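Please walk me through this predicted model, chain by chain and contact by contact. I would like to see how the parts meet and what surrounds the ligand.

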Amino acid sequence: MASFTHGNITIEVDEDGFMAQPEKWNNEVALALASTEGVTALSEDHWKLVNYLRDYYTKFGVAPMIRKLCKETGFPLKTVYDLFPSGPAKGACKVAGLPKPTGCV
Amino acid sequence: MLYRFVYGALIVFLVVVIERVARLATLPVHLRWELYPVAHEENARYGGSFFEHLDWWKRKRNTSMLGELKVMVPEIVLLKAVHEHNRSLWYRSFPFHFGLYLMALFVALLVGGGVAQAFGVEIGASAPSIGLALHWATKVVGFAALGLMGLGALGLLVRRLTDPTLRAFSATADYFNLLVFIALAVVGLVASITSDVDFVELRRFTQSLATVHLDAPAPGGWVGAEIAMASAVLAYIPATHMSHFFTKWFMYHSVRWDDRVNTVGSPLEGRIVSQLGYKVDWSAAHIQGGNRKSWVDVATEKPEPKP
Amino acid sequence: MKRHLTIEEFSRPSEQLARVDIEDLIPLPPPYDGYKEPEWTRLKDEKRASCECSLDDTVLLSLPKPKSLREERELADKFVAGLQKLFTKENNWTFLQPLVLSMEHCAKCQTCSDACHVFLESGGNDVYRPTYRAEILRRLYYRHVREGGLLSGLTHGRVGMTWTTVARLIELAYRCNLCRRCAQTCPIGVDNALIAREIRKLCSQELGIAPKELHEKGTMLQLSVGSTTGMNSLVVKDNMDFIDEDMSEKTGVKLQSKWDVEGADVLLIHNAGEILAWPENPGAFALILEAAGISWTLSSELAAYDGVNYGLFYDDAQFARIALLHAQAAKKLGVKKIVAGECGHEHKALMVIADRVLTGDLNIPRESSFVLLEEIVNSGKLKLDPSRNNFPVTLHDPCNVVRLMGIVEPQRRILRKIAPQFREMEPHGVDNYCCGGGSGFAIMSGNNFAEWRMKVSGRRKFRQILEAFRDEPDPAQPKYVCAPCSNCKGQIRDLFAHYGAKEKVGLHYGGLVELIVNAMTDVKPGFMDFDAG
Ligand code: SF4
Ligand code: SF4
């Protein structure tokens, strides 16, 4: 397990850079994780996406389908990529503190 | 003495072959692990299987023995797989293997000639019909066998010594094995050319051997050495990876082409059920067999997640 | 530069046994002829200090380094104990016969190496020879299982039994896709892929060492939650509802998936990853089955809505547990047959390997969806207009379904009917090359493993795809790689992203059912949307 430090917080992450302990997530952590994705500031749209993911994950224990995410946040996929260049699964989910998706996805 | 040695070698050969066959044949039925093309399938041409049919379990299967032969014969006689996938090796491996097949034929001709001789058939360059045929057949096959085997083995040895990859993977025994065949070919050729160019001496020996005349005089010198060496090689082969000349049968029929389907109430199912009762000793956290649990126990329990 | 490796040096500690220089890689065809792969991302020093990563340029298992010599010795001893168990009939009846045959008869001729895409594309790096890992296990076998003593060194060669050997061997067992192309060419019948799998198995079943993607987040998750994706039955139903809705909107055909229908003819089991990552696939399945009037159902039982069985790749016990859950669900519903969706390893696990695990009333007939789909396409129940698929299409053969099961033609006959510009890759059918994601690699990407999957194991497939479309250089012309397997799709997706192949060549990928739906005249045109993400 690796960890990285951003500002004054240290986060444990797995081999792919996803949070090792998703329950320790908070807004500051999100900012720190975003920095690893080349996203320096989180806009309102960023937060909308992140919060949606976070809520879904807390409720269902897994990340939502991408199409569902687009539909329910109203962002087309392209916008999601604009917000998080490595995409919804690798980028947005990571920042929202979700663990790495599992299974054949 | 030489007679006893040959009989002894023959017995060792048979015992090791039988022991090995028995060991392999009595292993449990394993899970299916076939590899297509499976030669006895209807659509073996392109590697198709019975799974290509809707409701395949309702259909009568047509398997073809001929299909297996069509693959096995060229594979055994011509080493087709090597020819197809490793041509440069084939130029060395094929003469070697073909030489060995001829060697077997040579021995058969010698034994056949010996037996015929015992029945009074005259064999030689001036003998009539069958005797003449046996004389020439033995002579041609004998020299071809020794020559091809020796050249092939030499080719293989040179390659094994000069190719850095092959060298890296070779153990002392791999060189030794090839050297043995080269030595046998050399001794055989020297013996034949210097003192037994028509294989008369060898045939007289196989005659005594076949008719169990142990008090007949045994050949000495080069011919004696040739016989002793050939017997030793015969006894040695099945103990090495060269046993593939007969274990290959299992590799094809029990693994690559073993697509037998397990059906309810079949003898195959019976064997599986009994094997599912074997006790398991794997000790990882998600199994912890400890020789207490059977495979059924393991398969039906829910593993404990790591603490 | 690559150098020749000996077997003996495998056990000697060094910083890195083998390396693949970018220059060693075989150049790709146009338009990638001038393309240079980026250099390897070097593993971090702290990683190298704390984990075993002395095999090659990457690392998958990240085994922590033992803290003392004593611990090293203990682990090595444990490996030997496992090795011995591997050769007992009680512990390994499942594969003992093929294993012994492969252990004892290799002629070390190296014919198999030239069949292996990993070896070839690495530029011929010895460490990736199918025979390299096998030969190490073979030498250990003769020394420690057959107890050949010192003589075994002469007759079979030596390799030291050290922790370094064990750590590297486990890692090396995960540099093979288990595609068995090598086994197909072996003149004797030796199966080096099986040996790789047996090494994985011994490590998992005895030492508890396996990639987390396969074990902890794979089979263990499936056995506890119901799916490797982490979806429980509520989530999966909710997602399928969403897919139904989405599909209905997109196709203009009202759709409702069937759940837990008792006595249905067909229990369809998807790889659950499809539902999350490629929802048009389960959607298209539902649409086709409904349109054809098939009596079918999905199951919401534990594990029965996820056809994945990663046990196939590394562990017989986990394999049997999952296979059993699949069969039990089918028994409970009383269906006539189970049909495997577009997932290669699900096919092989359920239809071939499980065949000698399931007995009595659990032995329920199991069939490939390709065969059922062919029947449907031939039946005339769907109105199909092939001109809707008038773009270049090629077919990827998932090793598990094709070389390992002999299901070769049904999917092709469908394509010949519905895709006017269908063309083959070379070689194809049972001689195909693996996508490079086989045996679960497609879901592994930790550290720089994804780079290895692109640069080395996936390179041959990408090369084949480029060759298949060489006559269509215009990137504005969309081209479709039909890959009827979730795992292969994951790998191909990553390959296309790595090479920017969508932009540069116009490459797209997807399954088989999507093409069928795209050709259905009852469906709104443009189901396949090449402009969307
Ligand atoms: S596995 Fe077969 S092809 Fe490969 S080296 Fe051994 S004998 Fe030759
Ligand atoms: S199974 Fe496939 S990847 Fe593995 S060694 Fe053989 S050819 Fe190479």
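The paragraphs below go from one chain to its interface, then to a second interface, and end at the ligand. This is a predicted model, in which local features need pLDDT of at least 70, side-chain atom pairs count only at pLDDT 80 or more, and totals for chains, interfaces and linings use all residues. Residues are numbered from 1 along each chain as its sequence is written, chains are lettered from A and ligands numbered from 1 in the order in which they are written, and side-chain values use heavy atoms, with hydrogens and water left out.

Chain B has twelve helices and zero strands, where helices (H or I, at least four residues) and strands (E, at least two) are DSSP runs numbered from the N terminus. The radius of gyration of chain B is 26 Å, well over the 19 Å that the globule rule gives for 307 residues, so chain B is more spread out than a compact globule. That radius is taken over C-alpha atoms, and the globule rule is 2.2 Å times the number of residues to the power 0.38. Along the principal axes, the C-alpha atoms of chain B fill a box of roughly 80 × 45 × 45 Å.

Chain B meets chain C through 84 residues of chain B and 95 residues of chain C, contact meaning heavy atoms within 4.5 Å. The size of an interface is often given as the accessible area lost when the parts come together. Here the buried area (accessible area, 1.4 Å probe, lost by two parts on being put together and summed over both) is about 7900 Å², with 61% given by carbon and sulfur atoms. On the chain B side, B:Trp33, B:Phe169 and B:Trp282 lose the most area to chain C, together 13% of what that side buries.

Eight salt bridges are counted between chain B and chain C, each being a side-chain nitrogen of Lys or Arg within 4 Å of a carboxyl oxygen of Asp or Glu. C:Arg321 forms a salt bridge with B:Glu301, and their closest N and O atoms are 3.0 Å apart. Helix 10 of chain B gives the most to the side of chain B that touches chain C, with nine residues.

Chain C also touches chain A, with 37 residues from chain C and 19 residues from chain A. These two chains bury about 2400 Å² between them, 52% of it on carbon and sulfur atoms. In chain C, C:Val235, C:Phe242 and C:Leu276 lose the most area to chain A, together 23% of what that side buries. The count between chain C and chain A is seven salt bridges. In one of them, A:Glu15 pairs with C:Lys212, the closest N and O atoms being 3.5 Å apart. Helix 12 of chain C gives the most to the side of chain C that touches chain A, with seven residues.

Which residues surround ligand 1? Among them are C:Cys106, C:Cys109, C:Cys112 and C:Cys186, along with C:Lys108 and C:Asn192; a residue is near a molecule if one of its heavy atoms lies within 4 Å of it. By class, this shell has seven nonpolar, four polar and one charged residues. Ala, Val, Leu, Ile, Met, Phe, Trp, Tyr, Cys and Pro count as nonpolar, Asp, Glu, Lys and Arg as charged, and the others, Gly among them, as polar.
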